[in-house]
Amino acid sequence: MSAELEIQVIAVIVAVACSLPGVFLVLRKMSMMSDSITHTILLGIVIAFFITKDLNSPLLIVGAALVGVLTVFLTELLNNTKLLSKDSSIGIVFPLLFSIAIIIISKYAGSVHLDTDSVLLGELAFAPFNRLIVFGVDIGAKSIYTMGAILIINLLFVIIFFKELKIVTFDPALAAVLGFMPSLVHYGLMTLVSITAVGAFESVGSILVVAFMIGPPVTAYLLTEDLKKMIIIDIIISTINGILGYKFAETLDVSIAGSMALMTGLVFLLVFIFTPKNGLMSKCLMKSKKEVLKRA
Amino acid sequence: MKVIELIAKDYTLQLVSLGSMLLGIISGVLGSFAVIKKQSLLGDAVSHAALPGICLAFIIIGTKKTEVLLLGALISGLLATFIITSIVKYSKIKFDSALALVLSVFFGGGLVLMTYIQKLPNANQAGLDKFIYGQASTLLERDVRIMFILGVVLIPVVILFWKEFKIATFDEAFAESVGFSTGRINMLILFMIVIAIIIGLQTVGVILMSAMLIAPAVAARQWTDRLSIMVLLSALFGAISGVTGTIVSSLVSNLPTGPTIVLIISGIVLLSLIFAPNRGLFRRILKNSKGYRLICEDIVLVNIYDLHFKRGEDSKNIDFENIKASLNMKEKSNRKLEKLLASLNYRGLVNKEYNMWSINDKGISYIKNNIKGGGE
């Protein structure tokens, strides 16, 4: 596989892997939680890194996932006091955890190589340099395998727990009565969000993970009201974003992840304006039609 | 004492403390409105969305002057705010999803521009990203002056439009009905919040700026139900955390200023949540246990009252075991009942003679007024 093709494959895998849990974040009105988690996993990575002293250790993913779940837990703990609103709870917890991470990094900046930029920004173009070598044979870029595994886990989670996710998302009270344990599904989903974010951070950087998690589901949400259709449209849109984003970046020689995020926004904008039923255009048309009728 | 000496001598420290204090005051005041309007995370979105504006300003004008970059950041921050509100207005997408989408797409666009700038010949782009991650320790006199001027402009505007802000924040429908244009007032508030965020960016950085906008206001909210006091307290908390954060970070080696400020303001939030009078968690526990005890006492009193009227005139004194039996209490709970009875006695609602209890007139009228509703 050529390096270009490898980057393209990674781009699509990352985009699709992120967008799957994103569907439920959007429907559960927790979109900003993805922004929160993608920042706080830095703390998990930092702590795990200080324990293992190895940036490639799988413990990093474990640490990040734990801190991701901790973020959700702390946010809900604050929110449950009813002393502050949900968005304020998010806005208190993640800057705090993020600050702790930054302080740890700066205190030991001299002794380790781990800077915030590499976590927050990431660069997809470097992904093919990191090879996975099994028994001395180069079998492809490492990111393809790590992100591929995460994609498969996400896909399996959504397929196996589809019924549970659906009922917990749309009617948590009924889910609790029927014994589906909403909190278990909830934290399962949050663990996946954290794992996906940490898997994607080195290729696309943690802030753009938010674009891939929220962008395609929101776009799909505009097009349908059926959960199954929404997931399928979501996968198609994220694939398109991945391909177009890479082509764009290749032509102009700019940041690949940034271009993918830009495409996500562009596709959303097109759908937002031109959706047949609820789009901005049809709304404006309807409005003017009504006015004409009024005058007549 | 050593601390004071250090501050008195160190000019940079004075400057940075002053800057952080000003920022704390401005963001404290404006953050109060964002928090009450449940738009706290707008700060996070706007500060990320500033990146493409900064890059574009640099590309078009070709200078790294603070004023130019601030202007670019301001324009793209305002554009992002406008897009977010439009998405919410014209589709079924919720505020938080719109926020997350716009934030990340703008940031992605910013990254694209940043990589484009890096390829420009003779481009001196180094430090552009520092603008967005913030470095309080490199604050210049000019930056502090900009903050001061903005503070002098923004805070009088808040005072001038106090009534309008208050009414548009709490009751939009009412504000509309008495003829205020809430659309315009909200725009003004948003505009000012965006300005505060943009000037805070280079001091504390993207993520920490969202904390500076939310945390002081959330802490202040716990201590009062009045908007005016909340805004003042919020400014005070912001100022305190700004100054102490700066000083602490200068005393400890390798301690970055922004995160230290966030740590301190988070501490203030935690203390406020726990210890605030009326709303605090500590107070809530006390209140709950007091309420529970009063209910138990009422139950005991009602039982004595019932026994009192069931019995004949000659046996108004009821012994302890009888009360216990009437309450279906367990063998072990003697002490609890004794305590409740003692408390009722202390409140003057029952009389005690040897080990016999009787309800008095005051107790009967208490029950009639408070429990049986005087219906008899």
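The structure is a predicted model, in which local features need pLDDT of at least 70 and side-chain atom pairs count only at pLDDT 80 or more, whereas totals for chains, interfaces and linings use all residues. Residues are numbered from 1 along each chain as its sequence is written, and chains are lettered from A, with ligands numbered from 1, in the order in which they are written.

Chain A contains 13 helices and two strands, where helices (H or I, at least four residues) and strands (E, at least two) are DSSP runs numbered from the N terminus. Of the 296 residues in chain A, 50% are buried; a residue is buried if 20 or more other C-beta atoms lie within 10 Å of its own, exposed if 12 or fewer, and partly exposed in between, with C-beta atoms placed from the backbone. Contacts (C-beta atoms, placed from the backbone, within 7 Å) between residues at least 6 apart in the sequence of chain A join residues at least 24 apart in 69% of cases.

The contact between the two chains takes 50 residues from chain A and 47 residues from chain B. On the side of chain A that touches chain B, at least two residues each come from several helices, including H2 (31-52), H4 (86-107) and H10 (206-223), and H4(A) gives the most, with 13 residues.

A nonpolar core is a set of buried Ala, Val, Leu, Ile, Met, Phe, Trp, Tyr and Cys residues joined through C-beta atoms within 7 Å. The largest such core has 181 residues, and among those that touch the most other members are Val14(A), Leu208(A) and Ile193(B). Helix H1 (residues 3-27) of chain A gives the most to this core, with 16 residues. When residues up to four places away in sequence are not counted, Ile193(B) touches Leu30(B), Ala34(B) and Leu42(B).

In chain B, an open sheet of three strands has the order E1-E3-E2, with antiparallel pairing; two strands pair if DSSP finds at least two bridges between them. Strands E1 (318-319) and E2 (350-353) are the edge strands, each pairing on one side only. E1(B) and strand E3 (residues 356-359) are joined over two bridges, and the bridge partner of Asp319(B) in E3(B) is Met356(B).

Ser253(B) lies in the loop between helix H12 (227-251) and helix H13 (257-275) of chain B, and this residue counts as exposed because it has 8 C-beta neighbours inside 10 Å.
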